[in-house]
Amino acid sequence: MALTRVVVLGSTGSIGRATLSVIARHADRFQVVAVCAHSSVDEVAAQVIEHNVPVAVIADSEILDGVTDLPKADWRSGQSAVLDLVADENVDVVVNAIVGSAGLEATLAALGAGKRLALANKESLVAGGPLVVEAAREGGGELIPIDSEHSAILQCLAGHDPESVARLVLTASGGPFRGLERRELERVGPKDALRHPTWNMGAKITIDSATLANKALEIIEAHFLYGIDYEKIEAIVHPQSIVHSFVEFNDGSVLAQLGFPTMELPILYALSHPERIADPLLRTFDPVRSSPLTFEEIDRERFALYTIGVEAGIRGGTAPAVFNAANEAAVQAFLSGDIRFLEMPEMVAHALDTVPKRNVETVDDVMEADTAARIAAREFVCSHGSLAGG
Ligand code: MG
């Protein structure tokens with residue numbers, strides 16, 4: 001069987017690194033033909049050597065200038081090199097693990113060129129949902145989620161008529177601050193927020209899990225991936241992160257996909273779908289050890305970013321792009337100590353109130369909303385940020 005040729009965008013991040021190790025265990029099926037990162041040249045160089053990768057791309061066009069002693073590979077740089085790469089005829093699967101809305105153009109290019117897109121960059125789907133759906137339809141590309149909840153839904157939906165779906169229920173771990181009172185949330189800092197109870201992930205998504213903004217992003221993601229109305233998508237807290245999501249059908253039957261939390265499983269499934277490949281290194285499920293499984297409602301008041309995000313999804317147009325960009329700005333501002341934890345929802349709400357909603361017809365519509373949202377978010381930090389100006 002010919003090897004499936006895979007490009008990994010965002011190869012130095014948590015999902016990118018996990019993808020390389022999954023593929024290394026399945027070298028009889030998959031081959032990494034290119035790795036790509038924004039600017040981490042040294043890490044990419046190490047990956048080129050370790051995984052014997054023929055092409056390496058650095059998205060930042062200036063970083064490679066004057067760099068010598070790179071390992072032997074076809075080194076390219078710049079955003080256009082990224083877009084050419086994902087559309088290359090010698091590529092079968094594009095794993096998009098770029099962080100943030102910067103991943104949108106690569107998502108569109110891969111789907112437009114008819115590739116399988118294994119998508120970990122949920123922000124691109126949230127910001128440019130209608131464009132992504134259209135690019136897949138026109139280019140014939142296939143969109144397979146790497147997000148664990150959406151991988152679970154995909155697996156539960158297999159073989160079922162989409163019309164028979166009554167409800168999707170996404171699970172959320174609840175993050176490190178589940179159960180904290182509002183006055184306790186006032187005092188939490190970046191170090192507390194970066195300590196995730198069940199998943200080991202990059203900083204952006206870990207903060208999004210602490211605010212539950214991640215779950216709002218995932219509801220919007222599910223809406224576009226599966227074409228399901230918002231009123232049929234819910235999220236609940238499930239602290240053990242064993243049930244990755246539920247799908248309820250119109251006859252009342254509910255299917256779920258379960259497993260110990262590891263991103264390697266949804267990564268492998270996104271590469272092999274609809275097939276399943278044996279992987280002895282993935283931990284065997286044990287119902288007794290995973291017991292008890294508990295479920296709670298999301299506190300929509302304490303975790304206001306969840307509520308704001310879902311509302312932005314329902315408003316549609318550029319509102320999800322504004323939510324996403326303002327949230328990225330809020331995460332950065334929180335991590336750098338410019339705003340407090342509970343100011344993140346205020347900052348994002350300010351951007352949504354300030355930037356007028358428009359329809360999403362072109363990438364420029366998304367980019368303009370994204371820029372306007374970041375400007376509005378910065379204004380908020382200057383005028384309201386309680387830590388701003390000392
Ligand atoms: Mg997820």
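User: How far apart are the closest N and O atoms of the salt bridge that Arg302 forms with Asp299?
Analyst: The model is predicted, so local features need pLDDT of at least 70 and side-chain atom pairs count only at pLDDT 80 or more, while totals for chains, interfaces and linings use all residues. Residues are numbered from 1 along each chain as its sequence is written, and side-chain values use heavy atoms, with hydrogens and water left out. A salt bridge requires a side-chain nitrogen of Lys or Arg within 4 Å of a carboxyl oxygen of Asp or Glu. Between Arg302 and Asp299, the closest N and O atoms are separated by 2.8 Å.

User: Is Asp299 buried, partly exposed or exposed?
Analyst: Buried means under 20% relative accessible area, exposed over 50%, and partly exposed in between (1.4 Å probe, protein chains only). The relative accessible area of Asp299 is 29%, so this residue is partly exposed.

User: How many residues apart are Glu123 and Lys204?
Analyst: These two residues form a salt bridge whose closest N and O atoms are 3.2 Å apart. Glu123 is buried at a relative accessible area of 7%, and Lys204 is buried at 13%. Helices (H or I, at least four residues) and strands (E, at least two) are DSSP runs, numbered from the N terminus. The pair links helix H5 (residues 122-139), which holds Glu123, to helix H9 (residues 203-211), which holds Lys204, and the separation is 81 residues.

User: Which helices hold Glu149 and Lys215?
Analyst: Glu149 and Lys215 form a salt bridge, with 2.8 Å between the closest N and O atoms, and both residues are buried. The pair ties together parts that are 66 residues apart in sequence, because Glu149 and Lys215 lie respectively in helices H6 and H10.

User: Which residues do salt bridges that share partners join into one network?
Analyst: The structure holds 22 salt bridges. Those that share partners join into one network the residues Lys122, Asp147, Glu149, Lys215 and Glu218.

User: Which residues does His273 touch, not counting residues up to four places away in sequence?
Analyst: His273 is found in the loop between H11 and H12 and counts as buried at 16% relative accessibility. With contact taken as heavy atoms within 4.5 Å, His273 touches Arg116, Glu142, Ile144 and Leu154.
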